[in-house]
Amino acid sequence: MIILGIETSCDETSSAILQIKQEKFFLLSQTTYSQIQDHKKYGGVIPEMAARLHVPKILPVIQKSLDDANINIQQINAIAVTNGPGLVPSLIVGIHTARILSILLEKPLIAVNHLEGHLLSPFLNHNIEKLKTPALCLIISGGHTELILINKINEYKIIGRTRDDAVGEAFDKVAKLLGLPYPGGPYISKLAEEATEPINFPKPLIKSNDFDFSFSGLKTAVLYYIQQQKTLNDKLKANISAGFQNSVVQVLLHKLKKAINFYKPKTILLGGGVIANKVLRQELIKLEKKIQIPILLPELKFCGDNAAMIALASYFKYKRKEFTQPEKIKAIPTLTL
Ligand code: KG4
Ligand code: ZN
């Protein structure tokens, strides 16, 4: 069977064609148009502008994904679309397009939780048979920092979350303090490679007795540190970037290890834009060797927002026949797992 996936929850207009044969996933194509250049000058995503930019792109992006997959739209068996969490004006563009396609083509419509997309994204490049439960998943993106216990697909329990800023948000805010462009994560991690003496910043909640996170105090510590400096040259910026990144990586690893010890998962999954971070990936590869439990990372192209993960997540809903009537589908900005 073939699924058309659509994702417009934030500032990426993405469409993917996923084929499923004998429970194996084959991504035939994916087209993603990023609006980052347009939002960069404002230092963040402007929701209303994001929606306006999705409108002229959504159909050409879908058409390109069909062309690249060399399939006709009639060959599609189902249409999957993100219905939350995300920015309502942006979500509506994808939802409305999917609804019209579903009605015109008379194909089932599947509403997908964006977080479930990130959670299952490692299976775009790892065989789904590797999922042994209980499993643990850490989702780290611009809007989310969540540790999730997976009993089976569709049975999720959030065991830890951020009490304030999401990890990606902290990267973006610290980047702003350093005068780096939006989104800051990739710039911070690049600069950190030049560091000679990383600054020692606090590691928030590392000793707390739960699986929660907090990153706003760390961002404030970076702010105070910057305010105390006379000048902010490139060398100092690199040392601040590396220090901040070290704190984040150590806190994430510490909490993940703590959850592994407590829940004894058989598989560990990672998802979200921040998992593109090189140092974090290296540390996770080391951890996997040490604990001998598979830690499955999404390929770089599946870390950020993408329609392939939405199409993949929708397949399990398709099997359960969890369809949404086109006239009833709604954007839910605060949708949870
Ligand atoms: O998953 P995503 O594309 O969008 C959301 O659903 O939020 O995540 C975007 C976030 C941004 O905050 C961005 O700065 C961060 O992922 N990010 C990174 C890296 N690449 C992207 N953070 C740290 N290191 C990176 N290499
Ligand atoms: Zn996302």
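Author: Below we talk through helix packing, a metal site and some backbone details of this predicted model.

Reader: What makes α2 roughly parallel to α3?

Author: Helix α2 (residues 47-69) and helix α3 (residues 88-105) pack at an angle of about 30°, and their axes lie 7 Å apart. Angles under 35 degrees count as roughly parallel, so α2 is roughly parallel to α3. The crossing of α2 past α3 is right-handed.

Reader: Which residues make that contact?

Author: On the α2 side they are P47, A50, A51, H54, V55, I58, L59 and I62, and on the α3 side P89, S90, V93, T97 and L101. Sorted by type, the contact of α2 with α3 has 10 nonpolar residues, three polar and no charged.

Reader: What makes α8 roughly parallel to α9?

Author: Helix α8 (residues 234-263) and helix α9 (residues 278-291) pack at about 30°, with axes 10 Å apart, and that makes α8 roughly parallel to α9. Here too the crossing is described by its hand: α8 passes α9 in a right-handed one. From α8 the contact takes Q245, V249, L252, L253, L256, K257 and I260, while α9 supplies V279, L280, E283, L284, L287 and I291. These residues divide into 10 nonpolar, one polar and two charged.

Reader: Why is α6 called roughly perpendicular to α8?

Author: The angle between α6 and α8 is about 110°, with their axes 7 Å apart. The range for roughly perpendicular is 65 to 115 degrees, so α6 counts as roughly perpendicular to α8. The crossing of α6 past α8 is left-handed. In α6, I188, S189, L191 and A192 meet D234, K237, A238, S241, A242, F244 and Q245 of α8. The contact of α6 with α8 holds six nonpolar residues, three polar and two charged.

Reader: Let us turn to the metal. What coordinates the zinc ion (ligand 2)?

Author: H114 and H118, each through NE2, and D305 through OD coordinate the zinc ion (ligand 2), at 2.1 Å. Along the chain, these donors follow the spacing H-x3-H-x186-D. H114 and H118 both belong to helix α4 (residues 114-120), where they are four residues apart, about one turn of the helix.

Reader: Why is the arrangement around the zinc ion (ligand 2) called irregular?

Author: The angles at the four donor atoms run from 93 to 141°. To count as tetrahedral, four donors need all angles between 85 and 135 degrees.

Reader: Where are the cis peptide bonds that join T133 and P134, and Y182 and P183?

Author: For T133 and P134, omega is about 0°, and P134 sits in the loop between α4 and β6 (135-140). For Y182 and P183, omega is about -10°, and P183 is in the loop between α5 (167-177) and α6 (185-192).

Reader: What makes the phi of E106 worth a remark?

Author: Most residues other than glycine have a negative phi. E106 is not a glycine, yet its phi is positive, about 55°. You will find E106 in the loop between α3 and β5 (109-113).

Conventions. Residues numbered from 1 in each chain as written. Chains lettered and ligands numbered in written order. Predicted model: local features only at pLDDT ≥ 70, side-chain atom pairs only at ≥ 80, totals over all residues. Heavy atoms only, no water. Axes fitted to C-alpha atoms, helices over the stretch in contact; angles between N-to-C directions. Helix = DSSP H or I, 4+ residues; strand = E, 2+ residues; numbered from the N terminus. Parallel < 35°, antiparallel > 145°, perpendicular 65-115°, else oblique. Left-handed = near helix turned anticlockwise from the far one by under 90°. Contact = heavy atoms within 4.5 Å. Nonpolar A, V, L, I, M, F, W, Y, C, P; charged D, E, K, R; others polar. Donors = N, O, S within 2.8 Å, 3.2 Å for Na, K, Ca; no water. Tetrahedral: all angles 85-135°; square planar, octahedral: opposite > 155°, others 65-115°.
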